[in-house]
Amino acid sequence: MTADGARQRRAALIYNPIKVDAERLRAHVIRASRRAGWAEPLFLATTVEEVGQGLVREALDAGADAVLVAGGDGTVRAVSEALAHTGVPLTIVPSGTGNLLARNLRLPLDDAERAVQTAFVGDRVQIDIGFARLQRTDGTQDTHAFVVMGGLGLDAAMIANTRPQLKKSVGWVAYVDGAARSLATAKPFRVVYQVAGHRLLSARVQSVLYANCGSLPAGLALIPEASVTDGTMDVVVFQPKGWWGWLFVWRRVAWDNSFLRRFRAGRRVLALRTRDTAVRYARGTALDIASAGPQPVQLDGDEFGEAVHIIARIEPGALTITVPTGHDISDL
């Protein structure tokens, strides 16, 4: 209680002890809480069994007015899932190897103390969050959130084939190894899919992505026009024909999207170029996709087993986050 009898606000830090310097991070949060006149913070560590959702419920039951999350992309995803529609603001303290949501929001990645301060004095903004309902081969269904993107097919296999020890050693670059190991045995598969507002389509594909954000590490712009505040989902269908087709995919992502689009002359070149079919884009509020057989699924870079049917949707403005004061996300 404060001197006038009002309840002191309280922050909760949910962190992955493997990904962060827990002692130092806790000290940052304690100092920031005291400076703001808040009560002593609550600290909750994730485990293999409890990746975040249950910890959010524990924090809210304890009266948390703000939640900070420090860990990998999977921890951020799990905490965001539980905080959706609660109105309780989430502060991301970039940690781990990917930091995909933080990168897409253009948040500072190397200043944990500044990130912590944001929970107490930063601006609050609403961003979209996605949910994917996965149907398994036995007919059971389960629903999970994604804040960056999910995928069916080769991209999920790539993640499954990435060696954990290598990822721990070299970070996101380890996915190159996973990609090479997956491409060696990759085979196209038949899907029937429909993006909300578009017609039903059938195709042989290598992978289908459904995204809330569009940027990847190393400055790669997978979906340059994706936005976390537009209330829509971007869908990318990869259907290269043979090895040459993958060259078109790489050109589109690494050269066209990530370089040429930055310049007026480059955009003119793209406008004149003949369209290839190796990569197809669509946009809508939902995606309904069924595959001819079970395919691996990933959400925000984590494996989620195999599915034969996915219904993914975007829930506009459902997640409240804090950003540094004056940080503009209007073009994100």
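How many of the 332 residues of the protein chain count as buried? Of these residues, 50% do, where buried means under 20% relative accessible area, exposed over 50%, and partly exposed in between (1.4 Å probe, protein chains only). The model is a predicted one, in which local features need pLDDT of at least 70 and side-chain atom pairs count only at pLDDT 80 or more, while totals for chains, interfaces and linings use all residues. Residues are numbered from 1 along each chain as its sequence is written, and side-chain values use heavy atoms, with hydrogens and water left out.

The protein chain has 10 helices and 14 strands. Both are DSSP runs, numbered from the N terminus: helices are H or I with at least four residues, and strands are E with at least two. Contact here means heavy atoms within 4.5 Å. Among contacts between residues at least 6 apart in sequence, 71% join residues at least 24 apart. The accessible surface of the chain comes to about 15700 Å², and 53% of it belongs to carbon and sulfur atoms; such areas come from the Shrake-Rupley method with a 1.4 Å probe, and for residues only the protein chains shown count as cover.

N16 sits in the loop between β1 (11-15) and α1 (22-36). With a relative accessible area of 14%, N16 is buried. Apart from neighbours within four places in sequence, N16 has contacts with T46, A70, G71 and T75. In helix α2 (residues 53-61), the buried residues include Q53, G54, L55, V56 and A59. Their cover includes β1, β2 (42-45) and α3 (73-83). Just after α2 comes G63, which has a positive phi of about 90 degrees.

V79 belongs to the largest nonpolar core, which has 47 residues. A nonpolar core is a set of buried Ala, Val, Leu, Ile, Met, Phe, Trp, Tyr and Cys residues joined through side-chain atoms within 4.5 Å. The members that touch the most others in the largest core are V79, L83, L90, L101, I127 and I321. Another core, of 24 residues, lies apart from the largest one, and among its members are V195, V205, A307 and A312.

The next topic is the pairing of strands. Two strands pair if DSSP finds at least two bridges between them. Strand β14 (residues 302-323) pairs with strand β5 (residues 123-135) in the antiparallel sense, over 12 bridges. One of the residues in this pairing is V125, whose bridge partner in β14 is I321. Strand β13 (residues 286-299) also runs antiparallel to β14, and nine bridges join the two. Q298 has E303 of β14 as its bridge partner. β13 and β14 form a hairpin with two residues between them, and D300 in the turn has a positive phi of about 50 degrees.

At 60% relative accessibility, T137 counts as exposed. The C-alpha atoms of T137 and V308 are separated by 6.2 Å, although the two residues are 171 residues apart along the chain. Leaving aside neighbours within four places in sequence, T137 is in contact with P294 and V308.

What salt bridges does the structure hold? A search of the whole structure finds seven, a salt bridge being a side-chain nitrogen of Lys or Arg within 4 Å of a carboxyl oxygen of Asp or Glu. One of them joins the side chains of E40 and R34, at 3.1 Å from N to O. E40 counts as partly exposed at 42% relative accessibility, and R34 as exposed at 56%.

R283 takes part in two others. Its salt bridge with E225 has an N to O distance of 3.9 Å. R283 lies in strand β12 (residues 279-284) and E225 in the loop between β10 (207-211) and β11 (233-238), so the pair ties together parts that are 58 residues apart in sequence. In the salt bridge of R283 with D234, the closest N and O atoms are 3.0 Å apart. D234 lies in strand β11, so this pair ties β12 to a part 49 residues apart in sequence. D234 is buried at 4%, R283 is partly exposed at 33%, and E225 is exposed at 52%. Through shared partners, these salt bridges join E225, D234 and R283 into one network.
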